[in-house]
Amino acid sequence: MQNVNWIALIVFALLFGFITWLGFAAAHWRRGDLNLLNEWGLGGRRFGTLITWFLIGGDLYTAYTFIAVPALAFGAGAVAFFAVPYTILIYPILLVVFPRLWSVCHKHGYITAADFVIGRFGNRWLALAIAVTGIVATMPYIALQLVGLEVVIGGLGLGGEGWLGEVSLIIAFIILAAFTYSSGLRAPAAIAIVKDILIYITALAACIVIPIEVGGFGKIFAAIPAQKLLLAVPHGQSTGAYSGYATLALGSALALFLYPHSITGILSASGRGAVRRNAALLPAYSFMLGLLTLLGLMAFALDIDKLPEFADGFKAFKSNFAVPALLLHTFPSWFVGVAFAAIGIGALVPAAIMSIAAANLFTRNIYREFFHRDASDKQESQMAKWMSLIVKFGALIFILLLPSQYAIQLQLLGGIWIIQTLPAVLIGAYTRWLNPWAQLVGWAAGIVSGTWMAAAMNFSATFPLQLGGWTFPGYSALYSLLLNLIVAVVLTPLFNQVSKPAQDQTAPADYQP
Amino acid sequence: MDHKKHKPGSNWWFLLLLVPFVGTLWVPFYNSAEPAWAGIPFFYWYQMLMVLVGAGITAIVYFATE
């Protein structure tokens, strides 16, 4: 294994020490009673436009994204760029749908998507399905953040999978668990400010320094073979890579804001104006993600995996080591420390928000709804705090004991599962025409068919749909969502015959400013 | 906070939001190396440009429907 990079390690440790302090200090920021779930789990819905920008940016653009998307570019080329249209398309959706959801959730004190669903449709079993889907889809996502952290710890020379690497991971995890428990959502909100600034500095520095070193973007792209530079042009009776690319972008965009951690970030905003303004301001992160994706191509152009000093890193982490190796190759040690800290802290922020979001769901929609209907506010927030620990601990055990490949496959399935909540949450924000029982059957059809498609393709994201002699390779999440919607629409008139629709707790005016 | 009432007919502005969808989902339009810009193939700079276009459109719709 490579030697420990002491200067980088010291800078990394100092920055981690700083955010640890910040995480605990955040408990006193915009002070509220942390014995209320609304305060612990949503920061009291007090974050203005700027803090919301940092929080959602830090929440959605995760450490794993910064490692895995360039790694895909490094290994597979142009297809990795689907992350750019994906993160373009999330913002029109954010601008149109989510101000409505923010308003109705604010008006009724809803903390989770499942809270909204039970209020809107009055069906606790549909709400349970939404809550369980959210929790199950989030857990592998948390595990992936720890994978991102593992890669940078390995890059510091602490041995990715050896005992030293594991001890470092456990220390980082304890820090994360402790400040989340004590400060709730305020901790990742405060830390996100530091993390996002560090990430912007790193991305800009890399995209200025590396092309200069190589001799211009032209030289970088000239070194990429043609089959990697662009998508393969489809031939025969197949839409080939084109439909794969477009459906991956669209399906991922539709799924993103259904994840509990996204909804938690949005609901913590102080007003619907803050949500709307962020639809125009957050694309700055998409631009940075595009630049970071180009880092993968730069690493490829530099033949970074052929350099002997990175042989061990690539052996341990495969192409996920491309970005750390590129940073180690390009920058002085102190800046490597800054950049790695940016990625490492970038793992903690989303992991904290994800665990809080999963805890909110469990507490509100499982514990309170099914086990302890008259739980006090204090019991509710205490249960959420414990649950946030359990969720994170599960992710840690997963990463330490099982190959990271399982976490990646489960995260792919998580995307397929979470998109099945779209009819209840996104369409539900506009109409309650779909019968909740029909939605539940549609949800099950989507989960089963999507899981089957992914498993049949050996956990590749695209499924070759055969229709009328043509093949349409596309994102299985989108195909299974179509089936879900068809089932829900067809069964709605039938279920309306047998079940009396429940009362809608929300009024049309609740969705408006 | 948005206190102003929606102007009549202002919801047409939301149709502008279809532009990023059309511009990014029709892949054959931009899957080419030429016209390159500063050595960057069209595929890459076009999509980066669409990030800015998309942000500009959400900003326009935000102000128009405030």
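**Figure 1. Chain B in the predicted model contains 2 helices and 0 strands.** The model is predicted, and of the 66 residues of chain B, 30% count as buried. Among contacts in chain B between residues at least 6 apart in sequence, 61% join residues at least 24 apart. The pLDDT of chain B averages 86, and 85% of the residues score at least 70. Over residues 1-5 of chain B the pLDDT falls below 50, and this stretch has 7 contacts in the model beyond near neighbours in sequence.

**Figure 2. A cis peptide bond joins Glu34(B) to Pro35(B).** The omega angle of this bond is about -5°. Most peptide bonds are trans. Pro35(B) sits in the loop that runs between helix 1 (18-25) and helix 2 (42-64) of chain B.

**Figure 3. Chain A and chain B meet through 34 residues of chain A and 29 residues of chain B.** On chain A, at least two residues each are supplied by helix 5 (83-108), helix 10 (217-222), helix 12 (240-256), helix 14 (272-281) and helix 15 (283-301). Helix 5 of chain A gives the largest share of the side that touches chain B, with 8 residues. By class, this side of chain A has 25 nonpolar, 6 polar and 3 charged residues. For the complex, the predictor gives an ipTM of 0.90 and a pTM of 0.93.

**Figure 4. Phe287(A) touches two residues of chain B, Met48(B) and Val51(B).** These contacts leave out residues up to four places away in sequence. Phe287(A) belongs to helix 15 of chain A. Phe287(A) counts as partly exposed because it has 17 C-beta neighbours inside 10 Å, whereas a buried residue needs 20 or more. Phe287(A) and Ile88(A) are 199 residues apart in sequence, yet their C-alpha atoms are 9.1 Å apart in space.

**Figure 5. Helix 13 (residues 260-267) of chain A is mostly covered.** Of its 8 residues, 8 are buried. The buried residues of helix 13 of chain A are Pro260(A), His261(A), Ser262(A), Ile263(A), Thr264(A), Gly265(A), Ile266(A) and Leu267(A).

**Figure 6. The largest nonpolar core has 207 residues.** Val117(A), Ala143(A) and Ala299(A) touch the most other members of this core. Beyond its neighbours within four places in sequence, Ala143(A) is in contact with Ala395(A), Phe398(A), Ile399(A) and Ala407(A).

**Figure 7. Lys318(A) has a positive phi of about 55° although it is not a glycine.** Most residues other than glycine have a negative phi. Lys318(A) is located in the loop between helix 16 (311-317) and helix 17 (322-330) of chain A. With 16 C-beta neighbours inside 10 Å, Lys318(A) counts as partly exposed: the class lies between the limits of 12 or fewer for exposed and 20 or more for buried.

Figure 8. Helix 22 of chain A has 21 residues, which at 1.5 Å a residue should span 30 Å. The C-alpha atoms at the ends of helix 22 of chain A are 30 Å apart, in agreement with this expectation. Asn458(A) is not a glycine and lies in the loop between helix 22 (436-456) and strand 1 of chain A. Asn458(A) counts as exposed because it has 7 C-beta neighbours inside 10 Å, and the limit for that class is 12 or fewer.

**Figure 9. Strand 1 (residues 462-467) and strand 2 (residues 470-475) of chain A pair in the antiparallel sense.** The pairing runs over 6 bridges. Thr462(A) has Tyr475(A) in strand 2 of chain A as its bridge partner, and Phe463(A) stands opposite Gly474(A) in strand 2 of chain A. Strand 1 and strand 2 of chain A form a hairpin with 2 residues between them. In the turn, Gly468(A) has a positive phi of about 55°.

Technical notes
Residues numbered from 1 in each chain as written. Chains lettered and ligands numbered in written order. Predicted model: local features only at pLDDT ≥ 70, side-chain atom pairs only at ≥ 80, totals over all residues. Helix = DSSP H or I, 4+ residues; strand = E, 2+ residues; numbered from the N terminus. Nonpolar A, V, L, I, M, F, W, Y, C, P; charged D, E, K, R; others polar. pLDDT = per-residue confidence, 0-100. Pairing = 2+ DSSP bridges. Core = buried A, V, L, I, M, F, W, Y, C linked by C-beta atoms within 7 Å. Expected span 1.5 Å × (residues − 1).
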